[in-house]
Amino acid sequence: MICARIGYTNNAEVFFMNECVNIPETGLDLNEPPYRGSWQQLLSNNIGRTVKIDYNVSSNLVTQQGVILAVGVQYVLLKNKGFIASGDIFSIKFVTFMCDC
């Protein structure tokens, strides 16, 4: 269980609540077919890395940045300075991986 300030969007507005997130144990291996080459595999192989994700929401790009906490079949959780954002895998347009280059 991860406790933080959770952000979610509704019609391009961002809402926050102080909640805990229960991350389900799915038992899925996102390195197996049919996930090979998918957003799920790419993101799950980079848990703990800082990313910027651009989502397509109502024909607008909404950006979230944070550390990848968990990846499911339909979601990704990002932690960023006191809150956790959950995003829809199928709305992702771009992912930028931050590095110490």
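**View 1. A salt bridge between Glu 32 and Arg 36.** In this predicted model, Glu 32 forms a salt bridge with Arg 36, and the closest N and O atoms of the pair lie 3.9 Å apart. Side chains of opposite charge can pair when their charged atoms come close. Glu 32 counts as partly exposed, since its relative accessibility is 37%, while Arg 36 is exposed, with a relative accessible area of 55%. The count of salt bridges in the model comes to 1.

**View 2. Asp 54, a buried residue without a salt bridge.** Asp 54 is found in strand S3, which covers residues 50–57. Although Asp 54 is buried, it has no salt bridge, and the nearest side chain of opposite charge, that of Lys 52, is 4.9 Å away; a salt bridge would require the nitrogen and the carboxyl oxygen to be within 4 Å. The side chain of Asp 54 does make a polar contact, at 2.4 Å, with the side chain of Thr 63. When neighbours within four places in sequence are left aside, the residues in contact with Asp 54 are Leu 61, Val 62, Thr 63, Ser 91, Ile 92, Lys 93 and Phe 94.

**View 3. Confidence along the protein.** The protein averages a pLDDT of 81, and 79% of the residues score at least 70. Where pLDDT is low, the predicted coordinates should not be read in detail.

Key. Residues are numbered from 1 along each chain as its sequence is written. This is a predicted model: local features need pLDDT of at least 70, side-chain atom pairs count only at pLDDT 80 or more; totals for chains, interfaces and linings use all residues. Side-chain values use heavy atoms; hydrogens and water are left out. Helices (H or I, at least four residues) and strands (E, at least two) are DSSP runs, numbered from the N terminus. Buried means under 20% relative accessible area, exposed over 50%, partly exposed in between (1.4 Å probe, protein chains only). Lys and Arg count as positive and Asp and Glu as negative; His and the chain ends are not counted. A polar contact is a pair of N or O atoms within 3.5 Å; within protein, one must be able to donate a hydrogen and the other to accept it, and residues adjacent in sequence count only if both atoms are side-chain atoms. Contact means heavy atoms within 4.5 Å. pLDDT is the predictor's confidence in each residue, from 0 to 100.
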